[in-house]
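Here is a short note for someone opening this entry for the first time. Please read the points with the structure on screen.

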Amino acid sequence: MDTIIIDGLSFALPLFIMAIGGIYSEKSGITNLALEGFQGFGAFIGALSAVLIANTSGIDVENLFYVSFLFAMIGGMGFSVIHAVLSIKFKANQVISGVVINILALALTTFLTTQINALVFGAASDKFRLGVSERFTIEGLANIPVIGAIFTNVYPFEVIIVVIAIFAWYLLYKTRFGMRLRASGENPHSVDAAGVNVSKIRFSAVLISGLLSGLAGMCFAYSISANFSSNIYMGYGFLAIAALIFGNWKILPTLVACLIFGFAKSGGTFIAQAMALPSSFTDLFMILPYVLTLLLLVFFSKSNRAPRALGEIYDKGKR
Amino acid sequence: MSDYIVEMKHITKSFPGIVANDDVSIGIKKGEIFALLGENGAGKSTLMSILSGMYEPDEGEIYIRGEKVQISSPNHAANLNIGMVHQHFKLVEDYTITENITLGIEPIKRFAGLFPYVDIRNANRKIEELSKDFGLEVDPTKKIADLTVSMQQRVEILKVLYREAEILIFDEPTAVLTPQEIDFLLGIIEGLRNSGKTIILITHKLEEIKKVADRCAVLNKGKLVDVLDVKTTSVNLMAQLMVGREVSFESEKVPAQFKEEVLKIEHLTVKNEDGFEVVKDVSFTIRSGEIFAIAGVADNGQVEIADAIAGLTKVSNGKIFLEGKDITNESIRNRTEIGISYIPEDRQSYGLFLDFDLSTNLALKQYYKEPFSSKGILNKDVFEQFGSKLIDQFDIRSGQGIKTQVRSMSGGNQQKAIIAREIELQSPLMIFVQPTRGVDIGAIENIHNMMIQQRDQGKAILLVSLELEEIMNVADTIGVIYNGQLQKVASSESLTTNEVGEYMMGAKHE
Ligand SMILES: Nc1ncnc2c1ncn2[C@@H]1O[C@H](COP(=O)(O)OP(=O)(O)O)[C@@H](O)[C@H]1O
Ligand SMILES: [Mg+2]
């Protein structure tokens with residue numbers, strides 16, 4: 001039971017922070033299917049800087065995760081500039097832009113990983129080895145039955161995510177920036193008429209989604225996979241999109257959706273292990289979150305409402 | 001210094017293919033209601049969009065309070081105390097009234113002296129006060145989605161007042177309102193003037209100008225025709241200047257020649273989505289060469305009758321016969337083929353594809369047939385020839401002819417395009433629902449003449465209109481509806497406007 005909660009949380013929270021990124025982008029009116037690509041590219045930059053720094057300074061790569069998180073966020077944000085420029089400046093179709101960015105991220109990072117491994121480290125490998133981040137347990141709280149698991153074997157990044165998520169909620173719902181951002185996704189003309197630059201707001205929203213996705217990607221790299229490789233593209237970005245849709249583009253309900261996905265995943269793994277099934281069956285149980293996605297879609301999508309101007313190309317002159 | 005608060009000198013502004021404002025000069029005095037009169041597409045909105053910083057003029061100068069300015073953005077205009085209440089509201093439906101009004105200038109407070117947040121509570125209070133001051137009471141915490149159109153307009157007005165506008169521009173504010181709401185709004189506008197504000201009122205409704213305006217500038221095809229003193233100018237002269245020719249307020253008609261029966265409705269009953277009977281046991285016939293008008297106050301079932309005949313709504317009881325054939329359960333396309341043309345009420349969502357060009361829109365009802373397409377392939381040349389022909393024949397005005405995107409055309413010309421397309425089908429029955437709503441006098445005259453011409457060619461015409469004047473003017477036979485029931489069917493000569501009005505209110509029964 002405890003493992004289900006511990007593993008579920010450590011998967012749900014990165015998913016959540018990525019979904020928040022998606023919420024920012026979509027609430028501003030920009031469809032964002034590129035989360036998958038952002039998190040992969042962010043993790044790539046984060047992992048690359050970690051191994052490079054480790055290589056030159058001699059610090060153990062496992063101790064570099066704060067640094068790598070920083071670089072992953074910068075990397076994800078940098079990569080998201082492509083989506084912002086294509087869909088805002090050049091008014092490209094946002095779905096196509098998102099899909100292309102995902103393909104580009106996969107191809108580019110796989111290629112660069114093998115090349116850099118060969119050229120810099122002289123190794124024939126398609127991954128950067130990172131190890132698993134340390135964990136900590138809060139004594140006392142951890143002894144409470146059931147909920148205690150929440151405070152047991154916690155990754156530091158989970159704390160970081162919770163802090164950022166609270167700030168993201170405040171920014172989106174309480175500040176000027178957030179008011180204008182949400183209005184841009186509902187009716188950009190009204191924002192424009194109020195003398196606010198819609199493009200600027202949407203640009204920042206997409207960059208925020210890149211930044212948060214990069215962070216999420218790095219979390220996955222340092223926990224589930226313990227390295228950076230093309231395995232990072234497991235479809236978690238799309239799962240985050242599913243979560244934010246079930247969450248009706250609102251932060252708190254999205255957290256609930258992410259937790260459901262997280263526990264479904266850890267629960268599936270747990271059952272598979274408890275039944276001592278061969279690993280091929282474990283894979284079968286791993287699709288649990290996706291089956292759940294389908295079911296939730298059937299029941300919840302009716303009452304949900306996307307931002308009104310989502311995906312619409314904003315043209316000032318249009319009447 | 002001149003005594004004008006706003007002066008626009010030699011303003012010229014072009015859009016691709018059209019000069020929207022051609023060397024226009026006007027001066028507006030502080031504290032007056034200045035009306036801008038002109039047909040659809042005359043350039044009124046463009047001129048005022050320039051004043052409110054939405055467009056930059058190609059040429060010309062603007063002076064505000066005697067100082068030369070270049071108004072580069074709506075923000076800049078707001079700083080000069082100019083505010084515009086737009087024709088198409090710019091509101092966020094999901095936001096409250098306060099959130100909409102303060103958007104862009106949200107009041108800020110700090111939490112723990114550190115984190116800034118939008119102080120909605122304070123803003124709510126301020127807006128409540130403001131709305132009381134100007135007689136525009138609203139509940140600031142209500143969401144826009146829950147408001148009626150006239151309430152939404154109040155929000156737009158409050159938005160401008162909240163930004164401390166002294167010069168208020170209203171772009172066709174009454175187009176979307178009911179008669180009572182119009183009276184109320186005109187009262188508000190007068191009140192604003194009396195409290196010292198300067199008002200620019202764009203409209204093509206002469207009665208409104210006569211009622212509240214002090215002076216009135218007339219625009220025609222982008223050019224300034226004249227600036228008139230409203231008190232000393234007759235409505236007829238204003239109309240004439242606006243249209244650029246003499247207009248008759250009554251249509252010329254030869255007596256109707258009724259022939260064989262085209263449409264027969266028997267005991268028609270229609271239910272709405274909630275299962276409520278909105279049309280109750282209605283029977284009537286329309287003959288070839290007859291204009292049959294349904295008169296009634298809005299939402300008394302008239303639109304549902306038209307929709308049921310066109311096949312847009314399901315009939316729950318009764319029968320519809322077209323030229324003797326029972327069409328009660330036919331598909332829409334079959335009805336079109338058999339012979340129904342339909343000019344819908346909401347021309348923008350049902351009548352046209354706004355982002356397609358004019359020739360495509362004109363061919364919309366025939367594109368799947370020879371010669372427009374053969375074996376599933378569209379023939380663009382035929383589209384274009386057909387389009388050009390209709391543009392000439394029906395005098396549809398647009399910037400770039402058949403290539404014009406319909407969205408950029410004026411409402412009157414969009415309507416003419418739909419009517420041209422439907423007439424071209426040569427259907428024995430034509431249904432017009434509110435054909436002249438939001439259309440100016442010149443185009444109204446045009447549309448009425450088209451209808452009468454079709455009648456004289458032997459069509460049967462069903463007209464649904466909320467404008468009693470229009471009905472008295474063009475109809476041969478009038479059916480008055482109240483609460484889903486026909487109260488009276490009689491020839492138009494045998495009824496007076498007053499009588500029809502009484503039947504419309506349900507005050508008089510057969
Ligand atoms: N943004 C635009 N792009 C292209 N043409 C436009 C645009 N705005 C207005 N026009 C054209 O300019 C002319 C004047 O339009 P407008 O000022 O809206 O007229 P009015 O308000 O008097 O009805 C019309 O022919 C219209 O089609
Ligand atoms: Mg206009």
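Is B:Lys221 buried or exposed?

1. B:Lys221 is exposed, at a relative accessible area of 56%. The scale runs as follows: buried is under 20% relative accessible area, exposed is over 50%, and partly exposed lies in between (1.4 Å probe, protein chains only). B:Lys221 sits in the loop between β11 (215-220) and β12 (223-229) of chain B. Its phi is positive, about 45°, although B:Lys221 is not a glycine.

2. A word on the basis of these values. This is a predicted model, where local features need pLDDT of at least 70 and side-chain atom pairs count only at pLDDT 80 or more, while totals for chains, interfaces and linings use all residues. Residues are numbered from 1 along each chain as its sequence is written, chains are lettered from A and ligands numbered from 1 in the order in which they are written, and side-chain values use heavy atoms, with hydrogens and water left out.

3. Look next at B:His267. This residue lies in strand β13 (residues 261-271) of chain B. B:His267 counts as partly exposed, at 48% relative accessibility.

4. Now chain B as a whole. Chain B has 17 helices and 24 strands. Both are DSSP runs, numbered from the N terminus: helices are H or I with at least four residues, strands are E with at least two. The radius of gyration of chain B is 25 Å, close to the 24 Å that the globule rule gives for 510 residues, so chain B is as compact as a globular protein of that length. That radius is taken over C-alpha atoms, and the rule is 2.2 Å times the number of residues to the power 0.38.

5. Some further totals for chain B. Its C-alpha atoms fill a box of roughly 75 × 55 × 45 Å along the principal axes. Of its 510 residues, 52% count as buried. Among contacts in chain B with a separation of 6 or more, 66% come from residues 24 or more positions apart. Contact means heavy atoms within 4.5 Å.

6. Then the interface. Chain B gives 23 residues to the contact and chain A gives 23 residues. About 2,100 Å² is buried between the two chains, 55% of it on carbon and sulfur atoms. Buried area here is the accessible area (1.4 Å probe) that two parts lose on being put together, summed over both. B:Lys90, B:Tyr95 and B:Leu103 supply 23% of the area that chain B buries against chain A, more than any other three residues.

7. The rule finds four salt bridges across the interface of chain B and chain A. It asks for a side-chain nitrogen of Lys or Arg within 4 Å of a carboxyl oxygen of Asp or Glu. One of them joins A:Arg305 to B:Asp94, with the closest N and O atoms 3.0 Å apart.

8. On the side of chain B that touches chain A, α2 (74-79) and β8 (115-118) of chain B are the elements that give two or more residues. β8(B) gives the most, with four residues.

9. Last, A:Lys250. It lies in the loop between α9 (236-246) and α10 (251-274) of chain A. At 41% relative accessibility, A:Lys250 counts as partly exposed. Leaving aside neighbours within four places in sequence, A:Lys250 is in contact with A:Ile23 and A:Tyr173.
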